[in-house]
Structure formats: C-alpha cells, structure tokens
Amino acid sequence: MPISRRALAAAAAIAVVLPLSACGSGGDDSGSTDASGKIQGSITFQTWNLRANFKPYFDGLVKDFEKKYPGTHVKWIDQPGEGYADKISADAAGGTLPDVVNVSPDLVAPLAKAGLALDLDKAAPKYKKEYLPGAWASHQIPGMDGTYAFPWYLNTGPLFYNKGLFKKAGLDASKPPKTYDALFDDALRLAKKSKGKVATLANVPTIEDFGRYGAPLMNKEGTGFAFNDAKGVELLTKYKELYDAKALDPQALTATPESTGKKFLTGAVAMNPGSALDLSKFKKEAPSLYKNIGITDQITSTGKVNMYVMGVMVNSRSKQKPAAVAFAHYVTDAQHQMEFAKKVAIFPSTAGSLDDPYFTKQDGSDETRVRIAAADSLKSAVNYTPVLFSEQMKTELRNSVAKALQGKESPKTALDNAVKACNRLLQQQG
C-alpha cells in the first residue's frame with residue numbers, strides 16, 4: 001500500500017475475517033511444508049496498492065528473479081488499498097489465493113488458522129537468521145507454533161510538536177515531554193493557556209497506546225485480552241481529563257490520521273506522530289509550521305517504541321512451493337530491502353541493514369536526523385498491536401473509549417466491556 005506512517009498504521013488496523021467453516025487446526029492443510037525441489041514454474045505475486053508509485057521497481061525485481069531462475073515466471077498483481085482485507089478473505093474462501101501475498105501480521109492470523117499460510121519455521125528455517133528477531137516474530141500467532149510470513153519493510157516515527165504553540169503557553173520549546181506524566185501536564189497547560197482553542201493531541205488511545213503505556217494487552221497464553229488492568233484504566237482516566245479540559249481535540253472520537261494531520265498543519269493541535277516523509281509535506285504546505293517544527297521521540301513507558309511491519313506470505317497450497325518461497329525470500333532479502341528503503345521512507349527488516357551508513361550517518365538535515373533516530377529505535381521496537389486483534393475488536397475498543405471520554409461509562413467499566421467483547425470475538429475466530 002502507499003508507504004507512510006499513516007498507511008502502515010492503517011495496514012496494522014485491518015484484519016481478515018474468514019468464514020468459520022474455513023478454520024482448521026492450523027498448519028499446512030495441503031499435507032506438506034516441504035519447499036525443497038527445483039525452483040521453477042509460474043507463480044502469482046500480490047502487492048497492496050504499490051503499482052502506482054513503484055511499478056518500475058517491481059517490474060525490475062520480477063525480471064531479475066526470472067533471470068536468476070530460468071524456467072520461472074512471476075505474474076505480479078496489485079490490489080487497491082481499500083477493501084484489501086475483503087479481497088484476501090474472498091480469495092481464501094474461494095481457493096484463489098495467490099502464491100505469494102503482501103500481508104500485515106493481523107492479515108496472517110486467520111490465514112494461518114485456516115491452514116493457508118506456509119509455516120516458514122518448517123519450510124524455510126535457514127532464512128530466519130537473516131532478519132531482525134522482532135520482525136521475524138511479528139508473524140507468529142499466539143497459540144500456534146510457527147512463523148507465517150517473511151518480514152518485509154518496517155516503519156516507525158517520532159512525535160512532531162509545534163514550538164510556537166509551546167512558547168505561547170509558557171512551555172520550554174527546547175524541552176518537549178519525554179514521559180506520559182510530562183505529556184499530560186503540558187497538554188493541560190496548553191489547553192488552559194489557549195482557553196481550550198489548542199489541543200495537544202488529536203487521537204483517542206488505541207491498542208498500541210495501551211501497549212506503550214505498559215498495560216498488558218493479552219494474557220501469557222494468548223487466549224484473552226488484559227488491557228483493562230490498572231495501567232490501562234489509568235491511561236484512559238488521564239485521557240478523560242484531557243478530553244474534559246479540551247487538551248484532547250473535541251473531534252478525536254471521529255478522527256482519522258488524515259484529519260489529525262490537517263489539524264497539526266493548521267496549528268489546532270500541538271503534537272502529532274509522523275515520519276520523515278511528513279517533513280517535506282510541512283515544508284511545502286505549511287512553511288510557518290516547518291520553521292517551528294520540533295522533533296522528539298515516541299513517548300513510551302516500556303522503553304520500546306511501536307513498529308509497523310509488513311510481510312510476504314507464501315500460500316501453503318501453492319503448486320509451486322519452491323518457487324514461491326524463493327521469490328518471497330528474494331523480495332525480502334537484505335539487498336532488495338535496502339534498494340526499496342532508499343526509494344521511500346521505510347526501513348528494512350533484515351539483520352545488519354540498519355547499521356548501513358544510510359541509517360547512521362548524519363548530514364545535517366532534519367530528514368536524515370529523523371531517519372537515523374527511527375532506524376536506531378527499530379532495533380528494539382515491537383509491534384504492540386496483537387496479531388489476533390481484529391478490525392472488529394478495534395471498533396469495540398474505540399466505542400468503549402468514546403463512552404468513557406463522554407462520561408457515559410467509567411474508564412474501568414468501559415475497558416472491562418471492551419475486553420469482554422474482544423474475548424467473545426476471539427473465541428469466534430475458531
């Protein structure tokens with residue numbers, strides 16, 4: 001899909017709901033995870049809304065692979081970003097899933113449970129060492145053994161803040177908040193000073209925010225959710241205080257990444273998450289903001305930032321498993337990930353790649369500073385969104401958070417209800 005922090009956030013928020021009749025015990029229902037043998041034959045490779053911006057790159061990738069392995073043919077297809085999850089679900093149910101598929105971790109989970117995702121720990125264990133441990137683990141499913149996709153590109157980003165708005169509120173613009181307590185204090189001060197006209201944040205807390213705050217998201221067995229513990233309730237209570245003081249944007253309950261981005265551009269919001277891609281946008285569309293842009297780290301209680309991750313899955317029922325595995329690895333190997341990363345502001349998931357001078361050597365520009373900081377943080381980053389946390393579950397959490405912020409339920413009751421609803425949905429996954 002279009003690669004940006006917002007796009008990857010959206011990617012992490014989409015899940016497939018396969019018909020329950022498709023659910024199996026997991027693993028490779030075709031009877032074999034054996035991917036050995038001659039690399040030959042025709043396979044289909046599906047990407048997620050990448051053709052418009054990266055057609056020459058993928059055309060070259062396919063051509064080079066076919067040259068390296070004579071007798072292979074790769075048909076590249078690209079699906080629109082909207083409705084991608086539904087398309088995969090329909091193909092899975094209809095037996096028309098491509099041989100190699102661009103996925104996010106939560107798209108993998110139902111496919112793995114239905115026996116449609118090849119277990120790479122069995123089929124291609126020799127490649128595991130080539131990837132960052134956290135990235136390889138991102139396509140593992142709680143309650144199942146195995147890894148069900150090659151990790152592909154990663155992304156993360158800093159928090160941007162408006163130094164001008166900080167100064168107006170009497171805050172030290174050279175010292176942005178580094179902890180949640182400092183963030184909440186600064187937000188309340190900004191709202192009071194501006195008489196409610198300037199919010200600090202424009203998003204309600206999501207599952208990843210609960211993770212960054214230190215709330216346990218699932219139990220150790222991976223059989224139920226646990227974000228309604230004391231830490232989770234504490235975070236939502238803090239957000240309720242911000243909402244009441246207008247330190248959280250009044251429209252946060254219905255906000256989208258695009259709408260919050262616009263609020264930050266226009267100075268209605270003082271802080272917003274982003275990536276190096278956003279800096280050029282600020283420079284072009286909001287030069288006054290660009291002159292006042294502050295850059296700081298994601299705020300986390302765990303010491304580990306959130307990472308968005310994309311993967312490349314092999315259909316366990318592919319008739320050309322050797323070629324499918326070889327191509328999925330080819331797309332995600334260190335050389336090709338580095339080539340892709342230099343075309344757009346994303347990061348490779350391969351071990352050692354983040355030590356390349358491109359990700360470590362400063363040149364004085366803000367873009368490079370953001371890229372280097374993000375690359376360094378990714379070495380220990382985690383994907384806080386649980387693999388089993390589906391789109392329906394995200395809706396349940398968002399609705400419960402809204403009730404708490406509006407005062408219709410206490411933060412504790414709201415999160416208890418969200419956990420109950422999410423656990424019911426988890427049981428229905430089969």
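This passage looks at one strand and its partners, then at a helix residue and the nonpolar cores. The model is a predicted one, so everything below is read from computed coordinates.

Strand β3 covers residues 100-103, and its residues are all buried. Val-100 and Asn-102 point one way, while Val-101 and Val-103 point the other.

Moving on to helix α4, which spans residues 105-113, we find Ala-112. With a relative accessible area of 0%, Ala-112 counts as buried, because the cut-off for that label is under 20%. Thr-395 lies 283 residues away from Ala-112 along the chain, and the C-alpha atoms of the two are 23 Å apart.

As for the nonpolar cores, the largest has 127 residues, and Phe-58 and Phe-227 have the most contacts inside it. Helix α14 (residues 321-332) gives this core its largest share, eight residues. Setting aside residues up to four places away in sequence, Phe-227 touches a list of residues including Ile-207, Phe-210, Phe-389, Leu-415 and Cys-422. There is also a second, separate core of twelve residues, with Phe-282, Ala-286, Leu-289 and Val-370 among them.

Conventions: Residues are numbered from 1 along each chain as its sequence is written. This is a predicted model: local features need pLDDT of at least 70, side-chain atom pairs count only at pLDDT 80 or more; totals for chains, interfaces and linings use all residues. Side-chain values use heavy atoms; hydrogens and water are left out. Buried means under 20% relative accessible area, exposed over 50%, partly exposed in between (1.4 Å probe, protein chains only). Helices (H or I, at least four residues) and strands (E, at least two) are DSSP runs, numbered from the N terminus. A nonpolar core is a set of buried Ala, Val, Leu, Ile, Met, Phe, Trp, Tyr and Cys residues joined through side-chain atoms within 4.5 Å. Contact means heavy atoms within 4.5 Å.
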